[in-house]
Amino acid sequence: MRLLAALFNTSQENHKVIFLLLYFFPIFTVLALWIDSVAFASTNFDGRNLTNVLAVLYFGMFFMASNAYLRKLLFCMVLLSYIGELIFCKIFEMYAYRTSDIPIYVPFGHSIVYGSGFILAETNFFKIHEKLLKKVFFITFSLLFLVIGLVLNDVFSLIFGGLFFVLMKRKKWENLYYAIAHCVIFIELVGTYFNCWTWEPKSFGIIPTVNPPMGAVFFYAGGDVILAKIVSYWKSKVELS
């Protein structure tokens, strides 16, 4: 950690590193999940531990290059996402990993996905075209939920896609949530393609869905609301102490 801190010891360097990590996110995602894939394990070796190490290292670089606020978000996201995994994977059995255990890289991966979406929303492109992007994203996500839901009978995405828009309205259609949703959809498509995890045909045992359901973005957006409250409470306690 001292080495990482020495590397990222100025705000200018932090800025460059954090955006480099953002642009590398798609490549890293494909590489890490391919190493944990069923195909890789059957032809080479079980790459789970290697993916775990890569995810923790990537998270460490992201964490060290972030400002104090984003560090709190990233740290809390790891803990919050692990709790979410226990609830949705183990209790409700909505999806399953290729082994019975929840991989170590998963909670760190959730945090990386969240952080990447957070930084993406801060790019000049998102800032300059904020109003236009809100309209484009509303249309594209509406069509996505409807087409997937009606054509593939993904009732899960119809329901939770609708709840996603309810949440978006409460959050004044902030592009942050659309940015995070893009990262979520990307990692879900890659992870299920490599069979790192598989969604059950019926979520909660009764709601028809596909593998993966696009409505899963709601849980990240909803998680952000909880995350923001946790960090706000943490910040207030630090300021009072």
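In the predicted model described here, N52 touches P103, I104 and Y105, where residues up to four places away in sequence are not counted and contact means heavy atoms within 4.5 Å. The model is a prediction in which local features need pLDDT of at least 70 and side-chain atom pairs count only at pLDDT 80 or more, whereas totals for chains, interfaces and linings use all residues. Residues are numbered from 1 along each chain as its sequence is written, and side-chain values use heavy atoms, with hydrogens and water left out.

N52 is found in helix 4; helices (H or I, at least four residues) are DSSP runs, numbered from the N terminus. The residue counts as buried because its relative accessibility is 7%, buried meaning under 20% relative accessible area with a 1.4 Å probe and protein chains only. The side chain of N52 also reaches the backbone nitrogen of I104 at 3.5 Å. This is a polar contact, defined as a pair of N or O atoms within 3.5 Å; within protein, one atom must be able to donate a hydrogen and the other to accept it, and residues adjacent in sequence count only if both atoms are side-chain atoms.

Helix 4 (residues 48-65) packs with helix 6 (residues 105-120) at an angle of about 40 degrees, and the two axes lie 9 Å apart. Axes are lines fitted to C-alpha atoms, for helices over the stretch in contact, and angles run from 0 to 180 degrees between N-to-C directions. The crossing of helix 4 past helix 6 is left-handed, that is, the near helix is turned anticlockwise from the far one by less than a right angle. Helix 4 contributes R48, T51, N52, A55, V56, Y58, F59 and F62, which meet Y105, F108, S111, I112, G115, S116 and I119 of helix 6. By class, this contact comprises nine nonpolar, five polar and one charged residues; Ala, Val, Leu, Ile, Met, Phe, Trp, Tyr, Cys and Pro count as nonpolar, Asp, Glu, Lys and Arg as charged, and the others, Gly among them, as polar.

Beyond its neighbours within four places in sequence, G115 is in contact with F62 and L74. G115 and L21 are separated by 94 residues in sequence and by 10.0 Å in space, C-alpha to C-alpha. S116, likewise in helix 6, counts as buried at 0% relative accessibility. Its side chain reaches the backbone oxygen of I112 at 2.8 Å. With neighbours within four places set aside, S116 is in contact with L22, F25, F62 and C183. The C-alpha atoms of S116 and I180 are 7.3 Å apart, although 64 residues separate the two in sequence.

F62 touches I18, L21, L70, L74, I112, G115, S116 and I119, residues up to four places away in sequence being excluded. In the largest nonpolar core, which has 70 residues, L33, F62, I119, F141, F164 and W197 touch the most other members. Such a core is a set of buried Ala, Val, Leu, Ile, Met, Phe, Trp, Tyr and Cys residues joined through side-chain atoms within 4.5 Å. Helix 10 (residues 175-193) gives the most to this core, with 11 residues.

A further buried residue, S157, has 0% relative accessibility and is found in helix 9 (residues 155-170). The side chains of S157 and D154 are joined by a polar contact of 2.5 Å.

Terms used: Helix = DSSP H or I, 4+ residues; strand = E, 2+ residues; numbered from the N terminus. Buried < 20%, exposed > 50% of the residue type's maximum accessible area, 1.4 Å probe, protein only.
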